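I set out these entries to record what I looked up, one topic at a time. The structure comes first, and the notes follow.

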Amino acid sequence: IGIDTGWEILIFVMVLVLLTRYLLRALQLMFQGVESGAVSFEDFDPEWAQPTYKIVRILVIAFAAVVAYPYIPGSESQAFKGVTLFLGVIFSLGSSSVISNVIAGYTMTYRRAFRTGDRVQIGDISGFVTDTSLLVTRLRSMKNEEVVIPNSEILNNAVINYSALARGEGVILHTTVGIGYETPWRQVEAMLLIAAGRTPGLEKEPGPYVLQKALGDFCVTYEINGYCREPNAIGRVYTDMHRNILDVFNEYGVQIMTPAYEGDPQSPKVVPREQWYLEPAPAQPDE
């Protein structure tokens with residue numbers, strides 16, 4: 001393009017800025033339509049609309065800057081080139097971790113690892129996703145603590161999402177008990193199923209089921225499994241399940257073994273019903 005005079009350069013830059021602005025506006029409207037569902041593309045998730053728009057916007061602005069660069073007054077001078085090179089080196093040295101976190105943030109977006117509100121576990125940290133950005137992801141831990149995790153760290157760790165499948169069939173909650181060989185396994189499995197049936201939050205369909213995990217040296221290890229569609233209530237459901245297991249095994253006089261075994265006690269280690277509400281426990285509810 002032969003542009004010689006200052007006015008022609010100024011007009012060219014202004015036209016380039018206007019074209020870039022209107023192009024960005026058109027792209028924004030299109031991606032807003034994708035996000036709302038008014039516009040759809042095959043195999044393109046509406047949640048990807050805004051992150052994709054941000055990437056496209058950066059590319060469009062970068063392309064416009066490259067086109068306009070030769071026409072900036074003084075761009076051919078050695079001083080201008082030296083300052084540009086210096087700024088580029090400083091940016092590359094100071095933003096390596098930032099760039100890695102940004103790339104990790106976009107990668108997680110397209111992986112659909114989790115959404116805001118999901119209950120997840122990342123490494124040793126478990127909590128609810130409260131906010132996601134290009135640099136960090138914020139979790140609210142089970143103890144109501146805010147945890148800020150760099151996206152690059154999340155990308156290098158396994159992410160367990162309790163909410164993803166809980167929205168459909170349900171996530172399986174499970175716990176184990178060790179019961180002596182003198183107790184019939186059919187009785188143990190029946191008691192575990194009774195305890196699971198009394199537990200609010202465990203689904204009736206699909207129903208709970210029991211697995212025999214191991215034939216140990218001193219006891220049989222049983223595992224009760226139940227489906228739960230309430231990821232926000234997993235802690236409460238586990239607590240209710242354990243309480244009900246203790247109650248049912250006490251009702252039937254079956255002792256739950258401990259991992260360490262020295263010998264059989266003179267009497268089974270169970271709590272009789274009349275002692276379930278000893279002080280300072282709350283009074284027994286009316287049945």
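Entry 1, helix H2. I began with the burial of residues in H2 and found Ala-49, Pro-51, Thr-52, Tyr-53, Val-60, Ala-64 and Ala-68 buried. I note here that the model is a predicted one. Helix H2 covers residues 49–68, which makes 20 residues. I looked up its reach from the first C-alpha to the last and found 28 Å, close to the 28 Å expected at 1.5 Å a residue.

Entry 2, the sheet. In which order do the five strands of the open sheet lie? I read the order as S4-S3-S2-S1-S5, with antiparallel pairing. Strand S4 (146–150) and strand S5 (159–161) stand at the edges; each has a single partner strand, so one side of each is left without a neighbour in the sheet. From one strand to the next, I find that the twist averages 40 degrees.

How many bridges join strand S3 to S4? I found five, and the two strands run antiparallel. Strand S3 comprises residues 136–141. For one position I looked up the facing residue: Arg-138 stands opposite Val-148 in S4.

I looked for disulfides and found zero in the structure. A disulfide is a covalent bond between the sulfur atoms of two cysteines.

How values were computed:
Residues are numbered from 1 along each chain as its sequence is written. This is a predicted model: local features need pLDDT of at least 70, side-chain atom pairs count only at pLDDT 80 or more; totals for chains, interfaces and linings use all residues. Side-chain values use heavy atoms; hydrogens and water are left out. Two strands pair if DSSP finds at least two bridges between them. Helices (H or I, at least four residues) and strands (E, at least two) are DSSP runs, numbered from the N terminus. Axes are lines fitted to C-alpha atoms, for helices over the stretch in contact, and angles run from 0 to 180 degrees between N-to-C directions. A disulfide is a pair of cysteine sulfur atoms within 2.5 Å. The expected span of a helix is 1.5 Å times one less than its number of residues. Buried means under 20% relative accessible area, exposed over 50%, partly exposed in between (1.4 Å probe, protein chains only).
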